[in-house]
Amino acid sequence: MKITVTSEDIAKLPIDAVIVNLFEGVKRPGGATGAVDKALGRAIAKLIAQGEITGKNGETTLIHTLGSIKPRRVLVVGLGNQKELTLDTIRSVTGVACRYLRKLGAKRAATIVHGAGAGGVSPEEAAQAITEGSILGLYTFQRHMTKNRDEGELEELQIVEMDKGKIPALKRGVSRGRVIADAVILARDMVNEPANFMTPSDIADIAKKVAKENNVDIEVLEKRDMEKLGMGALLGVAQGSNQPPKFIILHYRGDKGNDAQNIGIVGKGVTFDSGGISLKPSEGMAEMKGDMAGGASVIATLKAISQLKPKVNVTGLIPTSENLPSGSAQKPGDVVKALNGKTIEVDNTDAEGRLLLADALSYGRKLGLSAMIDIATLTGAIRVALGTHCTGAFTNNQKMVDQLEKSGEKTGERIWQMPMFEEYKEQNKSDVADIKNVGGRLGGAITAAQFLAEFSEDTPWVHLDIAGTSMTDKEKGYLVKGATGTPVRVLVDFILSQAQS
Ligand code: BES
Ligand code: ZN
Ligand code: ZN
């Protein structure tokens with residue numbers, strides 16, 4: 001979709017639709033909405049008086065102009081309470097409005113800059129949110145459909161602002177929003193892709209393509225390299241599959257003179273998690289094609305970062321494998337040795353993500369990364385604890401998680417910190433090895449995090465469990481059914497914040 005920024009009178013555009021907004025409780029709209037209302041002979045104010053338009057968050061009201069003004073339609077979107085306006089509201093209402101207009105068959109639409117006036121949001125941030133909301137809200141995954149969906153495409157969104165002075169800032173916002181939204185779409189595509197099209201080798205190929213196109217250094221470790229290094233935990237998971245595992249390393253060097261700072265982002269890349277010999281029930285198992293969402297988010301984040309070019313060093317690590325049962329698969333009770341020398345009793349082969357991450361976090365330490373964030377669809381338990389509205393965070397470094405929570409607020413990809421009390425470690429004790437890969441049913445997301453902590457050791461580290469947030473089963477704002485692309489926007493915002501400070 002083409003997104004442009006222009007300075008003109010939105011009420012005079014010969015276009016399929018214009019999007020204006022309204023805060024709750026406003027009786028007589030002002031600003032750009034007011035100008036359109038005036039051109040419409042106060043139609044909006046009348047509908048407010050009749051109670052048909054309330055301005056409630058997410059409300060949409062379509063007005064056909066029938067030739068009274070140049071735009072064929074006016075779509076009024078509700079922004080809710082003015083004092084509670086957030087960038088995420090702007091993103092969401094834009095996503096909803098764009099889908100609504102696409103359904104109507106609109107090809108070209110224009111929007112005013114939500115929130116930049118009375119909402120108190122900066123024009124640049126508002127334009128970024130509008131761009132992200134429209135691109136992400138209109139996202140579809142149709143690669144494997146031989147017939148296209150009936151709806152056409154919304155081909156162009158014009159962001160219109162009367163004040164010429166604001167145009168450069170709006171353009172900056174659009175260009176950043178596009179980079180970020182395109183990266184999120186890469187992550188969504190990878191997660192939505194069925195496992196027969198997204199093997200560890202496919203992930204490595206995508207990483208190579210992203211690296212090549214964006215001047216990012218890449219290295220892909222093969223099975224024999226992992227054997228040499230001693231990545232026994234990852235190899236144990238991979239041994240049940242005919243697909244070779246890959247260990248992908250991406251380096252973005254934005255601050256070459258500052259080797260001491262190198263932020264690691266480490267993503268679980270299980271391209272299909274059947275559970276292995278500890279086989280999952282077949283109902284819902286197909287969802288496990290998305291068990292590489294963490295890895296996808298790492299590749300997507302590096303894509304965005306390499307285009308935004310902040311002054312900071314970032315290393316992406318993606319351990320990727322299938323988890324399948326077979327005659328060569330690892331068995332419950334097997335003991336494996338991770339890269340850092342610790343032995344692990346594999347009590348349950350379905351707790352495979354932490355095994356991959358054990359080697360990846362150890363590798364990150366070996367590289368001397370200054371901080372690490374791992375991202376993983378790690379436990380069903382985090383869904384029980386937090387549901388689908390936020391990602392669970394676990395840490396050994398409060399400052400890092402505080403910053404990530406801030407980025408979460410700003411991006412609408414919310415993060416909630418979970419406890420890491422010592423006592424939980426007890427549950428991971430093994431009778432035969434240094435540690436066991438499961439800690440029982442109680443506090444399952446926390447014992448999983450405590451397991452990872454044994455491998456991140458004293459490197460400042462945050463673990464993000466995205467098992468509840470990586471996919472959604474319904475449309476909401478700029479999210480559509482399927483992969484969400486979380487937490488790419490959080491990671492990008494976090495990394496940008498590290499570059500500035
Ligand atoms: N990939 C799953 C976790 C998961 C569950 C992700 C639901 C997305 C949706 C993970 O590998 C897993 O199977 N975890 C087990 C751990 C258990 C065996 C300790 C789980 O959560 O049941
Ligand atoms: Zn599993
Ligand atoms: Zn898994």
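How close do the axes of helix H3 (residues 87-103) and H4 come, and at what angle do they cross? In this predicted model, the two axes come within 7 Å and cross at roughly 40 degrees, where axes are lines fitted to C-alpha atoms, for helices over the stretch in contact, and angles run from 0 to 180 degrees between N-to-C directions. Residues are numbered from 1 along each chain as its sequence is written, and chains are lettered from A and ligands numbered from 1 in the order in which they are written.

**The chain as a whole**

- The secondary structure of the chain comes to 14 helices and 20 strands, with helices (H or I, at least four residues) and strands (E, at least two) taken as DSSP runs numbered from the N terminus.
- The radius of gyration is 24 Å, close to the 23 Å that the globule rule gives for 501 residues, so the chain is as compact as a globular protein of that length; this radius is taken over C-alpha atoms, and the rule is 2.2 Å times the number of residues to the power 0.38.
- Taken along the principal axes, the box filled by the C-alpha atoms is roughly 80 × 50 × 40 Å.
- Of the 501 residues in the chain, 60% are buried, where buried means under 20% relative accessible area, exposed over 50%, and partly exposed in between (1.4 Å probe, protein chains only).
- Among contacts (heavy atoms within 4.5 Å) between residues at least 6 apart in sequence, 77% join residues at least 24 apart.

**Helix packing**

- Two packed helices are described by the angle between their axes and the distance between the axes.
- H3 and H4 are oblique to each other, given that angles under 35 degrees count as roughly parallel, over 145 as roughly antiparallel, 65 to 115 as roughly perpendicular and the rest as oblique.
- H3 passes H4 in a right-handed crossing; a crossing is right-handed if the near helix is turned clockwise from the far one by less than a right angle, and left-handed if anticlockwise.
- On the H3 side the contact includes Leu87, Ile90, Arg91 and Cys98, and on the H4 side it includes Ala126, Ala129, Ile130 and Glu132.
- The residues of this contact of H3 with H4 divide into 6 nonpolar, 5 polar and 4 charged, with Ala, Val, Leu, Ile, Met, Phe, Trp, Tyr, Cys and Pro counted as nonpolar, Asp, Glu, Lys and Arg as charged, and the others, Gly among them, as polar.
- The axes of H4 and H5 come within 7 Å and cross at roughly 35 degrees, in a right-handed crossing, and the contact of H4 with H5 has 11 nonpolar, 4 polar and 7 charged residues.
- The axes of helix H5 (residues 167-192) and helix H9 (residues 293-308) come within 8 Å and cross at roughly 155 degrees, which makes H5 roughly antiparallel to H9.
- The crossing of H5 and H9 is right-handed, and their contact has 13 nonpolar, 2 polar and 3 charged residues.

**Glu132 in helix H4**

- Glu132 lies in helix H4 (residues 123-137) and counts as buried because its relative accessibility is 2%.
- Leaving out residues up to four places away in sequence, Glu132 touches Arg91, Gly137, Gly177, Ile180, Ala181 and Arg489.

**Backbone features in loops**

- Most residues other than glycine have a negative phi, and most peptide bonds are trans.
- Leu66, in the loop between strand S3 (60-64) and strand S4 (73-80), has a positive phi near 45 degrees and is exposed, with a relative accessible area of 80%.
- Glu457, in the loop between helix H13 (444-456) and strand S18 (461-465), also has a positive phi near 45 degrees and counts as partly exposed at 36% relative accessibility.
- Thr486 and Pro487 are joined by a cis peptide bond with omega about 0 degrees, and Pro487 is placed in the loop between strand S20 (482-483) and helix H14 (488-500).

**His64 in strand S3**

- His64 is in strand S3 and is partly exposed, with a relative accessible area of 47%.
- Apart from neighbours within four places in sequence, His64 is in contact with Arg72 and Arg73.
- C-alpha to C-alpha, His64 and Ala445 are 51 Å apart in space, and they are 381 residues apart in sequence.

Notes: Predicted model: local features only at pLDDT ≥ 70, side-chain atom pairs only at ≥ 80, totals over all residues. Heavy atoms only, no water.
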